[in-house]
Amino acid sequence: MSTPTEKRSGWLREHSELGVSLLLFVIGVLVLTDALTMSVDLTQRGPVGPRTVPVVVGAGLLLVAVLLAADVLRGGRGEAEGGEDVDLSEPSDWRTVLLLAGVFLAFAVLIDPVGFPVAGALLFWGAAYALGSRHIHRDPLIAAGLSLLTYIVFNNLLGVPLPGGPLMGVL
């Protein structure tokens with residue numbers, strides 16, 4: 001015969017999607033609280049102001065959280081992840097995860113001193129290497145081109161300033 005603790009544990013395991021619902025609810029409350037306590041200048045007021053999108057997103061998160069909780073409590077369950085070409089019996093590839101984490105950390109550290117074009121190129125090349133690409137001549141060139149293109153689009157065309165680093169005067 002099962003104990004009350006085992007029954008509770010079994011019920012929680014069968015209704016684990018309630019955790020996702022709770023997380024969505026908490027995020028929705030945080031977004032709405034932040035949006036509604038935002039100070040808005042009188043000149044920014046109008047039918048669509050800076051509060052509009054956060055309020056819509058927060059309300060949508062709350063609605064989805066409530067609907068998901070109701071569905072789970074009525075017996076609804078998500079389908080188990082099958083994966084197309086993923087062997088779920090294989091262990092995690094921690095080497096790749098740690099390499100990617102190191103590349104992102106290096107990017108965060110290097111973006112101010114060396115600028116986005118150099119740090120971005122290292123990010124793109126490092127991510128390609130971590131994910132298995134071993135084209136030592138092609139990958140750095142593609143990474144540098146992609147980084148420069150990203151810098152030019154954001155900095156010059158969209159007006160989003162990115163740190164240029166030592167290349168600031170050149171670009």
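Okay, let's start on helix 6: the face turned away from its buried side carries the exposed residues L141, L149 and L157. Exposed here is over 50% relative accessible area, buried is under 20%, and partly exposed is in between, with a 1.4 Å probe and protein chains only. Helices are DSSP runs of H or I with at least four residues, numbered from the N terminus.

A word on where this comes from. This is a predicted model, in which local features need pLDDT of at least 70 and side-chain atom pairs count only at pLDDT 80 or more, while totals for chains, interfaces and linings use all residues. Residues are numbered from 1 along each chain as its sequence is written, and side-chain values use heavy atoms, with hydrogens and water left out.

Back to helix 6, residues 138–157. Its 20 residues should span 28 Å at 1.5 Å a residue, and the end C-alpha atoms sit 27 Å apart, so the two agree. The expected span, by the way, is 1.5 Å times one less than the number of residues. Now, which residues of helix 6 are buried? They are D139, A143, S147 and Y151. These cover an arc of only 95° around the axis, so they are on the same side of helix 6; the arc is taken from the directions from the helix axis to the C-beta atoms. What they pack against is helix 5, 116–130, where contact means heavy atoms within 4.5 Å. After helix 6 comes G159, with a positive phi near 75°.

Y151 turns up again in the largest nonpolar core, where the eight residues are V103, F107, I111, F116, A119, L123, Y151 and L162. By nonpolar core I mean a set of buried Ala, Val, Leu, Ile, Met, Phe, Trp, Tyr and Cys residues joined through side-chain atoms within 4.5 Å. Two elements give two or more residues to this core: helix 4 (94–114) and helix 5. Take F107: leaving out residues up to four places away in sequence, F107 touches F116, A119, G120 and L123.

How do helix 4 and helix 5 cross? Their axes come within 8 Å, at roughly 175°. That makes the pair roughly antiparallel, a label used for angles over 145 degrees, with under 35 being roughly parallel, 65 to 115 roughly perpendicular and the rest oblique. Axes are lines fitted to C-alpha atoms, for helices over the stretch in contact, and angles run from 0 to 180 degrees between N-to-C directions. Among the residues that meet are R95, V103 and V114 from helix 4, and F116, G126 and A130 from helix 5.

On to helix 3. With 22 residues, helix 3 reaches 32 Å from first C-alpha to last, close to the expected 32 Å. Its buried residues are G58, L62, A65, A69 and V72. Their arc is only 105° around the axis, which puts them on the same side of helix 3, and they pack against helix 2. S21 counts as buried because its relative accessibility is 6%, and beyond its neighbours within four places S21 contacts A65, L68 and A69.

Facing away from the buried side of helix 3 are the exposed residues V53, V56, L63 and L67. V56 comes out at 55% relative accessibility, so V56 counts as exposed. Its C-alpha is 9.8 Å from that of A35, 21 residues apart along the chain. And just after helix 3, G75 takes a positive phi of about 105°.
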